[in-house]
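Open the model in your viewer and keep a selection panel at hand. The stops below go from the whole chain down to single residues.

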Amino acid sequence: MSWIRCYCGYKIHDSSDHLSYKGRIMSDQDYFDYLDSVSSIIGSECPDRKKLVDNFYFRVPDMTKTVYQCSQCGRLYIEEDNKLFCFKPENHTNNGVLKSVHGEKWKGFLYAEWRSEKYEWQEYKGYVCADVNYPCESIYSDDRQEIIDGYYRLLEELKKAGVIRSASLKINGERIHDWTL
Ligand SMILES: [Zn+2]
């Protein structure tokens, strides 16, 4: 599903990873099978451990259901058998129930890119976007230096706040800076 139109009119996008308003739920009826699978991999003497882990990764989505929350009205949408079931909040305005259990301290990502020729769909030649649960503004600009400076400034700020795990800066498709915690 690439996006959902909420009953309130808001568009819920599902176009990237690590979304703060998307989650996965698992039935308690499956939870212990899940834990058993993990412990059987840990305890396995199979020499091809990588294959076991790959198989497990492949099976995990089948053990969960996807859930989205509307950031505007807080409605929850649970996906089951390609259908969406909507649940409306009662007496609260918590629109962030699907955020990481680490809340604002969840370590996210910083992406920045600038291209001398912008793509058709792009409004600006460059952007600096932080995928974090921490208040900071994205930067959009045609100016190459503004993007570069903005990237390093934001990287330092996010590092100091302890809310980032990796960052990358690309200029004309070439990765000119990479940082990982
Ligand atoms: Zn809504």
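The tour begins with confidence and domains, then visits a helix, a core and a few loop residues.

This is a predicted model, in which local features need pLDDT of at least 70 and side-chain atom pairs count only at pLDDT 80 or more, while totals for chains, interfaces and linings use all residues. Residues are numbered from 1 along each chain as its sequence is written.

**Whole chain.** Colour by pLDDT, the predictor's confidence in each residue, from 0 to 100. The mean for the chain is 92, and 99% of its residues reach 70 or more. Select residues 49-59, helix H2, where confidence is lowest, at a mean of 85. Then select strand S4, residues 65-69, where confidence is highest, at 97. Helices (H or I, at least four residues) and strands (E, at least two) are DSSP runs, numbered from the N terminus.

**Domains.** Select 3-87 for domain 1 and 103-180 for domain 2. These bounds come from an automatic or database domain assignment. The C-alpha centres of the two domains are 27 Å apart.

**Helix H3.** Select 144-161. The 18 residues of H3 should span 26 Å at 1.5 Å a residue, and the end C-alpha atoms are 26 Å apart, which agrees. The expected span is 1.5 Å times one less than the number of residues. Now pick out Ile147, Gly150, Tyr151, Leu154, Leu155 and Leu158, the buried residues of H3. Viewed down the helix axis, the buried residues of H3 fall within an arc of 135°, so they line one face. The arc is that of the directions from the helix axis to the C-beta atoms. A residue is buried if 20 or more other C-beta atoms lie within 10 Å of its own, exposed if 12 or fewer, and partly exposed in between, with C-beta atoms placed from the backbone. Turn to the face of H3 away from its buried side to find the exposed residues Gln145, Arg153, Glu156 and Lys160. Just after H3, glycine 162 has a positive phi of about 70°.

**The largest nonpolar core.** Which residues have the most contacts inside this core? They are Leu110, Tyr151, Leu154 and Leu158, in a core of 16 residues. Two or more residues each come from S7 (108-114), S8 (126-131), H3 and S10, and H3 gives the most, with five. A nonpolar core is a set of buried Ala, Val, Leu, Ile, Met, Phe, Trp, Tyr and Cys residues joined through C-beta atoms within 7 Å. Centre on leucine 154, which touches Leu110, Val128, Ala130 and Cys136, leaving out residues up to four places away in sequence. Contact requires C-beta atoms, placed from the backbone, within 7 Å.

**Cysteine 6.** Go to the loop between S1 (3-5) and S2. Cysteine 6 is partly exposed, with 19 C-beta neighbours inside 10 Å. Beyond residues up to four places away in sequence, cysteine 6 touches Ile12, Cys70, Gln72, Cys73 and Arg75. Serine 71 is 65 residues from cysteine 6 in sequence, but their C-alpha atoms are 9.8 Å apart.

**Two loop residues with positive phi.** Select histidine 18, between S2 (11-13) and S3 (22-25). Histidine 18 is not a glycine, yet its phi is positive, about 60°. Finish at asparagine 172, in the loop between S10 (164-171) and S11 (174-180). Asparagine 172 is not a glycine either, and has a positive phi of about 50°. Asparagine 172 is exposed, with 12 other C-beta atoms within 10 Å.

Key. Contact = placed C-beta atoms within 7 Å.
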